[in-house]
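Subject: Structure for your review

Dear colleague,

Please find the structure below, handed over for your own work.

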Amino acid sequence: DHSALGYSVGVTLDRFIKIKQDDFPFASGELSQILRDIALASKIVNREINRAGLSNIGGAFGSTNIQGEEQQKLDVVANIRFTRALTKGGEVCAIVSEEDDEVIDLQNSSGKYVVAMDPLDGSSNIDVNISIGTIFSIYRRVTPVGSPIQPEDIMQEGNKQVAAGYVLYGSSTMLVYTTGKGVNGFTYENSLGEFFLSHPNIQAPKDGNIYSINEGLTSQMQNGVKNYVESCKKRNFSARYIGSLVADFHRNLLKGGIYIYPKTNKAPDGKLRLLYEANSLAFIAEQAGAKATNGEERILNIQPTALHQRTPLYIGSGQMVDDVYQFMKEEI
Ligand code: AHM
Ligand code: MG
């Protein structure tokens with residue numbers, strides 16, 4: 001019970017945001033508004049996902065996104081929903097989205113915030129009724145409000161995030177976010193259309209025994225990673241890999257585990273994107289007492305140089321991230 005803090009389990013997301021407003025580093029109402037906008041869009045996307053099997057909305061849309069991957073129709077739907085909510089909310093000046101090649105300049109001179117997002121991650125799982133997710137990061141722009149958006153507003157290190165979160169469309173739908181003061185998780189109640197605080201102050205286990213990696217690609221990986229995976233097997237760890245980053249990350253955050261997407265021969269920088277996948281989850285991981293690196297350095301310290309830049313990702317329980325780092329170092 002956190003009632004001494006002004007809230008307790010079961011409080012609605014809206015109420016929680018209001019109670020927590022004073023925690024926000026800048027003009028609080030603005031960031032609260034963005035979080036509410038994201039929550040609203042996620043409810044709409046949740047509805048679309050739930051209907052996907054019925055309304056034939058899932059399936060290939062026939063277009064490809066900048067990474068050359070097949071774009072699913074629900075990706076497009078989610079992108080539109082989140083972009084629209086953030087545009088109407090009025091607090092955001094620019095959006096970086098996995099689904100858009102360029103920065104979306106909202107031409108909103110009073111918006112102080114930049115949002116980076118993957119509106120629907122785990123696209124290979126959409127058509128087959130497996131968990132998928134939304135990932136987002138919120139930054140404060142660094143150039144003066146009212147002036148044109150500059151690259152430095154977008155290309156900020158992850159340690160500059162003012163908030164980050166994800167929505168997991170799983171067996172139930174959850175929204176998990178941080179504003180840099182711990183991590184809180186909310187579960188969606190369908191019939192009421194509300195998120196309720198269900199996982200206050202999430203603390204990741206310091207160590208764990210779950211490893212999540214696409215083992216089919218092992219022959220393409222560095223020896224350090226291979227050796228670490230072998231060591232997991234020797235210790236009879238559980239292999240768990242959904243192929244949806246949010247779902248794999250969420251499980252490991254709660255139960256203790258590590259998610260790895262390393263460099264491979266085919267993907268020399270890894271597969272995941274720094275700006276709207278790795279950074280967001282790294283911020284949440286650290287806020288919950290876990291860790292995130294690219295195998296060499298802290299994810300949150302990487303200076304981005306390109307919008308859709310990829311990075312290897314080692315994220316999860318601190319001890320496990322440290323362990324794999326040692327294995328990597330021994331192989332250099
Ligand atoms: P996406 O943004 O195209 O959906 O790709 C990201 C996804 C992650 O959710 C997941 O962890 C990873 O790709 C799985 O990749 P792979 O199929 O190579 O194991
Ligand atoms: Mg993605």
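**Nonpolar core**

The largest nonpolar core comprises 95 residues, and V92, V115, I138, L281 and I315 have the most contacts inside it. Such a core is a set of buried Ala, Val, Leu, Ile, Met, Phe, Trp, Tyr and Cys residues joined through C-beta atoms within 7 Å. A residue is called buried if 20 or more other C-beta atoms lie within 10 Å of its own, exposed if 12 or fewer, and partly exposed in between, with C-beta atoms placed from the backbone. In soluble globular proteins, nonpolar side chains tend to be buried together.

Setting aside neighbours within four places in sequence, I315 is in contact (C-beta atoms, placed from the backbone, within 7 Å) with F249, Y259, L281, A282, A285, A292 and V321.

**Basis of the model**

The model is predicted: local features need pLDDT of at least 70 and side-chain atom pairs count only at pLDDT 80 or more, while totals for chains, interfaces and linings use all residues. Residues are numbered from 1 along each chain as its sequence is written, and chains are lettered from A and ligands numbered from 1 in the order in which they are written.

**The eight-stranded sheet**

Helices (H or I, at least four residues) and strands (E, at least two) are DSSP runs numbered from the N terminus, and two strands pair if DSSP finds at least two bridges between them. Eight strands make up an open sheet with mixed pairing, ordered β4-β3-β5-β6-β7-β8-β9-β10. Its edge strands, each pairing on one side only, are β4 (104-105) and β10 (194-199).

Within this sheet, the antiparallel strands β5 and β6 (residues 132-140) are joined by seven bridges, and Y113 has R140 in β6 as its bridge partner. Seven bridges also join β6 to β7, again antiparallel; here I132 stands opposite Y169 in β7.

Strand β7 (residues 163-169) is mostly covered, with seven of its seven residues buried. Of these, A163, G165, V167 and Y169 point one way, whereas A164, Y166 and L168 point the other way. Six bridges connect β7 to the antiparallel strand β8 (residues 173-178), and the bridge partner of A164 in β8 is T178. The two strands form a hairpin with three residues between them.

At the β10 end, β9 (residues 183-189) pairs with β10 in the antiparallel sense over five bridges, and T187 has F196 in β10 as its bridge partner. The hairpin of β9 and β10 has four residues between the strands, and G193 takes a positive phi near 70 degrees there.

Helix α3 (residues 73-89) lies across β3 (92-97), β4, β5 and β6, running at about 160 degrees to β5. Such angles run from 0 to 180 degrees between N-to-C directions, the axes being lines fitted to C-alpha atoms, for helices over the stretch in contact.

**The five-stranded sheet**

A further open sheet of five strands has the order β12-β11-β13-β15-β14, with mixed pairing. Its edge strands are β12 (238-239) and β14 (291-293), each pairing on one side only. β11 (residues 210-212) and β13 (residues 258-261) pair in the parallel sense over two bridges, and S212 has Y259 in β13 as its bridge partner. Helix α7 (residues 274-287) lies across β14 and β15 (313-316), at about 150 degrees to β14.

Helix α6 is itself mostly covered, with nine of its eleven residues buried, including L245, D248 and R251. Just after α6, G256 takes a positive phi of about 95 degrees.

**Positive phi outside glycine**

Q107, in the loop between β4 and β5, has a positive phi of about 55 degrees although it is not a glycine. Q107 counts as exposed because it has 11 C-beta neighbours inside 10 Å. N236, in the loop between α5 (223-234) and β12, has a positive phi near 55 degrees and is likewise not a glycine. With 7 other C-beta atoms within 10 Å, N236 is exposed.

Yours sincerely

Terms used: Two residues are in contact if their C-beta atoms, placed from the backbone, lie within 7 Å.
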